[in-house]
Amino acid sequence: MACRISELVIDAADPELLAGFWSGVLGYVELGREDDGSIEIGPADAGFGGPQPTLVISPSSDPRSGKLRLHIDVSATDRDQDAELERLLALGARPADVGQTGQESWHVLADPEGNEFCLLRARIRPV
């Protein structure tokens, strides 16, 4: 037997802002809210426990220090990388510099709170 990633938890100064951003990026919807201000988003038709992990955006006032030790990679499902880059930038992503050379096949971006993620070149099938 093996484990599967069921949810990823992201600390946020503004959970509402980050939940909206990542919902737009991933095509997710809000699944629920907790009393502590956490917002869970995920696929509308599957929710928690489905084939894709949900994201839990939790409120935190702790400042981030240094580079993230884990980041998210995303791939477009219905367009090429350039078109998807334009879409992500329009949603509020911004280019991020983590020391890349400029020769990479991926784009390093940051979400509205500065969390780095990469847009890969490969297009994948939707789930």
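The dialogue below takes up confidence, sheets, a helix, the core and a few single residues.

Trainee: Before anything else, what kind of model is this, and how are the residues numbered?
Mentor: It is a predicted model, in which local features need pLDDT of at least 70, side-chain atom pairs count only at pLDDT 80 or more, and totals for chains, interfaces and linings use all residues. Residues are numbered from 1 along each chain as its sequence is written, and side-chain values use heavy atoms, with hydrogens and water left out.

Trainee: What is the mean pLDDT of the protein chain?
Mentor: pLDDT is the predictor's confidence in each residue, from 0 to 100. Here the protein chain averages 93, and 99% of the residues score at least 70. Among its elements, β1 has the lowest mean pLDDT, 94, while strand β6 (residues 94-95) has the highest, 98.

Trainee: Now the sheets. In what order do the strands of the sheet with β1 come?
Mentor: Strands of a sheet pair through backbone hydrogen bonds, either parallel or antiparallel. Strands are DSSP runs of E, at least two residues long, and helices are runs of H or I with at least four, numbered from the N terminus. Two strands pair if DSSP finds at least two bridges between them. In this model four strands form an open sheet in the order β1-β4-β3-β2, with mixed pairing. Its edge strands are β1 (7-12) and β2, each pairing on one side only. From one strand to the next, the twist averages 25 degrees.

Trainee: Which way do β1 and β4 run relative to each other, parallel or antiparallel?
Mentor: They run parallel, joined by six bridges. By contrast, β3 and strand β4 (residues 54-59) pair in the antiparallel sense over three bridges, and Ile41 stands opposite Leu55 in β4.

Trainee: And how many bridges join β2 to β3?
Mentor: Four bridges join strand β2 (residues 29-33) to β3, and the two run antiparallel. Arg33 has Ile39 as its bridge partner, and Gly32 has Glu40. The two strands form a hairpin with five residues between them, and Gly37 in the turn has a positive phi of about 95 degrees.

Trainee: Which residues of β3 point the same way?
Mentor: In β3 (residues 39-42), Ile39 and Ile41 point one way and Glu40 and Gly42 the other, and all are buried. Buried means under 20% relative accessible area, exposed over 50%, and partly exposed in between, using a 1.4 Å probe and protein chains only.

Trainee: Which strands stand at the edges of the other sheet?
Mentor: That open sheet also has four strands, in the order β5-β8-β7-β6, with mixed pairing. β5 (72-74) and β6 stand at its edges with a single partner strand each, so one side of each has no neighbour in the sheet. Strand β7 (residues 107-110) runs antiparallel to β8, with four bridges between them; Val108 pairs with Cys118.

Trainee: Which strands does α1 lie across?
Mentor: Contact means heavy atoms within 4.5 Å. Axes are lines fitted to C-alpha atoms, for helices over the stretch in contact, and angles run from 0 to 180 degrees between N-to-C directions. Helix α1 (residues 15-26) lies across β1, β2, β3 and β4, at about 165 degrees to β4. α1 also lies across β5 and β8, running at about 35 degrees to β5.

Trainee: How many residues are in the largest nonpolar core?
Mentor: In soluble globular proteins, nonpolar side chains tend to be buried together. A nonpolar core is a set of buried Ala, Val, Leu, Ile, Met, Phe, Trp, Tyr and Cys residues joined through side-chain atoms within 4.5 Å. The largest one here has 19 residues, and Trp22, Leu88 and Phe117 have the most contacts inside it. β1, α1, β3, β4, α2 (81-91) and β8 (116-119) each supply at least two of its residues. The largest share, five residues, comes from α1.

Trainee: Why does Glu84 count as buried?
Mentor: Glu84 counts as buried because its relative accessible area is 6%. Glu84 sits in helix α2 and, leaving aside neighbours within four places in sequence, is in contact with Ala76, Arg79 and Leu119.

Trainee: Last one: how many disulfides are there?
Mentor: A disulfide is a pair of cysteine sulfur atoms within 2.5 Å, and a search of the whole structure finds zero. Cys3 is exposed, at 84% relative accessible area, whereas Cys118 is buried at 9%.
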